[in-house]
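Work through the exercises below with the structure open beside the text. Each task is followed by a solution in steps.

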Amino acid sequence: TRMNSAKEEDTKSAYVKSNVYLDVQLSKPVFCVKSTGGSKTLSTIIQRLGIEGVKMEPVSKLVFKLTMEAESLKEELYGQFCEALEEHRCECISDGIVPQFPHHIKDLDINASKVKSAGAELQSDHPGFTDQTYRKRRRDFANIADNYKHGEPIPKMVYTDVERRVWSTVFERLTQLYPSHACREYNEAFKKMMRHSEYKKDDLPQLQTISEHLHATTGFRLRPVAGLLSSRDFLAGLAFKVFHSTQYIRHHAKPEYTPEPDVCHELLGHAPLFANQNFADFSQEIGLASLGTTEEFIEKLSTLYWFTIEFGLCMEDGQHKAYGAGLLSSFGELKYSIEGSGPPERKAFSCEEAAETWYPITRHQPIYFVTESFKDAMQKMRDYAKTSGRPFDIRYNKKTESVEIVKN
């Protein structure tokens, strides 16, 4: 899968009514407060009450995250603190137990380091498991991703002759199908990629070049990642218009198959459509919906991601066309999803239905959901996000590249 959906053991999955929520990774009281007087007003309250060990972090110009030591906020002092906030016209934004989430694009450096699987270590059934040369290359790619920090140029990769041949095989077979099987938006974006981002048959394009093109076009970026992230960490990247991309390539013994996302999947399946503004906005909407939500809702969002960004179909001039990366990077399933009669089943996209639909990860999909347009899918996602129970809304500030918490 695109993401590892294993549940985090320390993540709370239900909200509790309260003016304070818990940092689930640190188990400390955390307030998210909107203060018209800024940090100065909050500092005055904290000093007056003698609360020790408070860490104050700006979330936006007027919103601050206050992390405290549990022993420093006894019940009596907690009541005084809440009264002081009200007295100074400060507003608690959150009223529930909320999983910790990144507030600034730089915070993704932490998320990207929490790889769950399919990095340098391979499972015994992986085509490259016994190939020591291939495994060493995977370790090289993983080291680059592990050491990368936001704002740095992505290191240039020199791919081997074997790796270039694999890319060439996949590139040639897929590009023969795109004109007839891929959606119009993908084909238009892919043509631009061919002109501006070094897309060609005989060598792999560089992540940095593609990232620069995407950022200039829609604001999206690529950043290297060693392997699969949790659903929560991966989706959080999309909220900041960041797509975590692998750089390793599938094993040469099976160029038609990869048990995990590889550079062919990322650069042929995903990257071109991030140059389409409507698709980029739709992708970011899923990411924003994931921040601070429950683990149960994360599971629903990752399922929606699967049936749209990975395996979505759309209607174009009365015909089904592919826009999902899992289809656009698999010549076998791309043909099956469009040309297949009987199975597979194709249904009109509904967030409520798709989020509850089971899917296989090791064979062709029995069901595909068909969107009317990316704009329509985005609006449906916005409406669906309101059902999460999250006690606040989140906006993205593209100037500061951070998210702002807004009372729901």
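Predicted model: local features only at pLDDT ≥ 70, side-chain atom pairs only at ≥ 80, totals over all residues.

**Exercise 1. Describe the whole chain.**

Task: How many helices and strands does the protein chain have, and what percentage of its residues is buried?

Solution. 
- Step 1. The protein chain has 15 helices and 13 strands.
- Step 2. Of its 408 residues, 55% are buried.
- Step 3. Among contacts with a separation of 6 or more, 68% are between residues 24 or more positions apart.
- Step 4. The accessible surface of the protein chain is about 18300 Å², and carbon and sulfur atoms account for 47% of that surface.

**Exercise 2. Classify two aromatic pairs.**

Solution. 
- Step 1. Two values are needed for a pair of aromatic rings: the distance of the centres and the angle of the planes.
- Step 2. The structure holds 23 aromatic pairs.
- Step 3. Phe297 lies in helix 11 (residues 295-310) and Tyr384 in helix 15 (residues 374-385), so the pair ties together parts 87 residues apart in sequence. Both Phe297 and Tyr384 are buried.
- Step 4. Trp306 and Phe311 are both buried.
- Step 5. Ring pairs also build a cluster, whose members include Phe220, Phe234, Tyr305 and Phe374.

**Exercise 3. Find the buried face of helix 4.**

Task: Which residues of helix 4 are buried, and why can they be said to line one face of the helix?

Solution. 
- Step 1. Helix 4 covers residues 132-147, which is 16 residues. From its first C-alpha to its last it reaches 23 Å, close to the expected 22 Å.
- Step 2. The buried residues of helix 4 are Tyr134, Arg135, Arg137, Arg138, Phe141, Ala142 and Ala145.
- Step 3. Viewed down the axis of helix 4, these buried residues fall within an arc of 155°, so they line one face.
- Step 4. Gln132, Thr133 and Asn147 are exposed, on the face turned away from the buried side of helix 4.
- Step 5. Helix 5 (161-181) and strand 6 (221-224) are among the elements covering the buried residues of helix 4.
- Step 6. Arg138 has its charged end over the ring of Tyr248, 3.6 Å from the ring centre. Elsewhere, Arg173 lies over the face of Phe331, 3.9 Å from the ring centre.

**Exercise 4. Judge how enclosed helix 8 is, and look at what follows.**

Task: How many residues of helix 8 are buried, and which residue with a positive phi follows helix 8?

Solution. 
- Step 1. Nine of the nine residues of helix 8 are buried, so helix 8 is largely enclosed by the rest of the structure. Among them are Arg232, Asp233 and Phe234.
- Step 2. The cover over these buried residues includes helix 3, strand 7, helix 10 (277-290), helix 11 and strand 12.
- Step 3. Helix 8 is followed by Lys241, with a positive phi near 60°. Lys241 sits in the loop between helix 8 (231-239) and strand 7 (242-245), and is buried at a relative accessible area of 12%.
- Step 4. Glu401 also has a positive phi, about 55°, although it is not a glycine. Glu401 is in the loop between strand 12 (392-397) and strand 13 (402-407), and is buried with a relative accessible area of 18%.

**Exercise 5. Locate Asp107.**

Task: Where is Asp107, and how many residues apart in sequence are Asp107 and Lys149?

Solution. 
- Step 1. Asp107 is in the loop between strand 5 (90-92) and helix 3 (108-112).
- Step 2. The relative accessible area of Asp107 is 28%, so Asp107 is partly exposed.
- Step 3. Asp107 and Lys149 are 42 residues apart in sequence, and their C-alpha atoms are 9.8 Å apart in space.

Key
Residues numbered from 1 in each chain as written. Heavy atoms only, no water. Helix = DSSP H or I, 4+ residues; strand = E, 2+ residues; numbered from the N terminus. Buried < 20%, exposed > 50% of the residue type's maximum accessible area, 1.4 Å probe, protein only. Contact = heavy atoms within 4.5 Å. Areas by Shrake-Rupley, 256 points an atom, 1.4 Å probe, with all protein chains shown as cover. Phe/Tyr/Trp six-rings, centres within 6.5 Å; stacked < 30°, edge-to-face > 60°. Lys NZ or Arg CZ within 6 Å of the ring centre and 35° of its normal. Expected span 1.5 Å × (residues − 1). Arc of directions from axis to C-beta.
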